[in-house]
Amino acid sequence: MQNILITGASGFIGSHVVRHFLSKYPDYTLVNLDKLTYAGNLENLRDIDQNEKYHFEKVDICDFDAVQKVIQKYEIDSIIHLAAESHVDRSISNPTEFVLTNVLGTVNLLNAAKDYWKDDLDNHIFYHVSTDEVYGTLGATGLFTEDTPYDPRSPYSASKASSDHFVRAYLHTYGMPVKLSNCSNNYGSHQFPEKLIPLFINNIKNKKSLPVYGDGKYTRDWLWVVDHARAIDDVFHKGKVGETYNIGGFNEWQNMDLIHVLIEQMDAKLGNAPGTSKELITYVKDRPGHDKRYAIDASKIEKELGWRPSVTFEEGLSKTIDWYLANEEWMENVTSGHYRKYYESMYVHR
Ligand code: NAD
Ligand code: DAU
């Protein structure tokens, strides 16, 4: 029996973590604490939101009193912290928002947990879900290991690096039982269509241009989100307190190569002649400070916790495309802003 607070679970990865934990650990009580920013969507968990072991609290992690009340109300044992501003391009236009949520919000959550667990810190877990972007950028070779020095280069990655440092500082200073993981790029269902894969799926479907930043030769390591949720389960249950685990897909792609695979699969599924959607490719101005290459050495989690991705990239991508094509209404609501009305009506009834 556990009462787990999962922050940011109305977002992309958090919703998969809730779904995974609810089905695998039916005795756990899961509390989703989410502010419902543009990226938070109650529809992401509509399939399970009537489950009596699941609870939703619309709270900002920066609001100390409200966070404290939720922790007390549900007698929270452990926290899996995912709530964040997560999009690099938005961090370039509005860095302050990223400091507020990702840095101050994380410190706020640490303080609320520390206050509540103070007499009994050892029997709890504060798990911070972080990103590989804290390590900076790689040249043509090499991999990020858990010992790679931090070198964040965007306001987003700087805010995540800062929050990682605070989490570790709370271990050393106060004995807070923390765990961390740093993961590569996720893809899958329920991802807000500002990120490369859902944006391009939606644009191919609607015959809209595919904006490729710079020369398209940037490299990312892609992981199916369901496999990230499985890894979070392993780190939460089997990972050592105070340790960091890198999580990656063993799956590096240059953006243009990935876009060609996506176009191939999409054209086949849409019944287009092969290669039809290539004409949508449009090279646009590069992202400022664009990190050249991310690649994860995930051998620690593989050796110590026995985790590996469960699907190939082609399989994961195919499942992902199928989900977006079958859930047109989700995409329309998210892109039209109509889903905000849904939130308001849902919220009145709670
Ligand atoms: P997302 O943007 O889809 O979801 C973020 C969620 O956090 C939303 O539901 C949003 O409403 C909520 N939120 C934002 N600010 C909040 C606040 N002040 N108070 C409460 N809730 C708030 O993000 P995601 O892609 O699911 O990422 C989740 C976490 O995983 C983030 O911490 C991110 O840094 C990390 N991560 C993401 C990836 C990726 O590829 N998406 C990879 C590695 C790590
Ligand atoms: O590495 C983990 C990180 O992956 C997470 O921490 C972030 O939350 C997540 O957003 C993601 O960051 P990226 O910046 O790598 O993801 P994004 O989908 O924005 O971009 C992937 C690559 O595609 C990157 O090289 C930029 C490029 N791109 C992106 C968009 C949105 C384009 O060429 N065109 C686009 O329109």
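# Two ligands and their surroundings

Biologist: How far is an oxygen atom of ligand 2 from an N or O atom in the side chain of Glu 133?

Modeller: The model is predicted, and the distance is computed from its atoms. A polar contact here is a pair of N or O atoms within 3.5 Å. For the side chain of Glu 133 and an oxygen atom of ligand 2, the distance is 2.8 Å.

Biologist: At what pLDDT do side-chain atom pairs count?

Modeller: Residues are numbered from 1 along each chain as its sequence is written, chains are lettered from A and ligands numbered from 1 as written, and side-chain values use heavy atoms, without hydrogens and water. In this predicted model, totals for chains, interfaces and linings use all residues, local features need pLDDT of at least 70, and side-chain atom pairs count only at pLDDT 80 or more.

Biologist: Which elements give two or more residues to the shell around ligand 2?

Modeller: Helices (H or I, at least four residues) and strands (E, at least two) are DSSP runs, numbered from the N terminus. Two or more residues of the shell come from each of helix H6 (196-205) and strand S8 (210-213).

Biologist: Which residues come nearest to ligand 2?

Modeller: By class, the shell has 11 nonpolar, 7 polar and 6 charged residues (Asp, Glu, Lys and Arg are charged; Ala, Val, Leu, Ile, Met, Phe, Trp, Tyr, Cys and Pro are nonpolar; the others are polar). There are 24 residues around ligand 2, each with a heavy atom within 4 Å of it. The nearest are Ser 86, Thr 131, Asp 132, Tyr 156 and Arg 287.

Biologist: And which residues come nearest to ligand 1?

Modeller: The shell around ligand 1 divides into 12 nonpolar, 12 polar and 4 charged residues. Of its 28 residues, those that come nearest are Ile 13, Asp 34, Ser 86, Tyr 156 and Lys 160.

Biologist: How much of the area that ligand 1 exposes when taken alone does the protein bury?

Modeller: Polar backbone atoms of Gly 11 and Leu 82 each lie 2.9 Å from an oxygen atom of ligand 1. A polar backbone atom of Ile 61 is 2.9 Å from a nitrogen atom of ligand 1. Taken alone, ligand 1 exposes 840 Å², and the buried part is 97%.

Biologist: Which element gives the most to the shell around ligand 1?

Modeller: Two or more residues come from each of helix H1 (12-24), strand S5 (125-131), helix H5 (155-174) and strand S7 (185-187). With 3 residues, the element that gives the most is S5.

Biologist: What is the radius of gyration of the protein?

Modeller: The secondary structure comes to 12 helices and 12 strands. For 350 residues the globule rule (2.2 Å times the number of residues to the power 0.38) gives 20 Å. The protein is close to that value, so it is as compact as a globular protein of that length. Taken over C-alpha atoms, its radius of gyration is 20 Å.

Biologist: What box do the C-alpha atoms fill?

Modeller: The box is taken along the principal axes of the protein. Its dimensions are roughly 65 × 50 × 40 Å.

Definitions and conventions:
A polar contact is a pair of N or O atoms within 3.5 Å; within protein, one must be able to donate a hydrogen and the other to accept it, and residues adjacent in sequence count only if both atoms are side-chain atoms. Accessible areas come from the Shrake-Rupley method with a 1.4 Å probe; for residues, only the protein chains shown count as cover.
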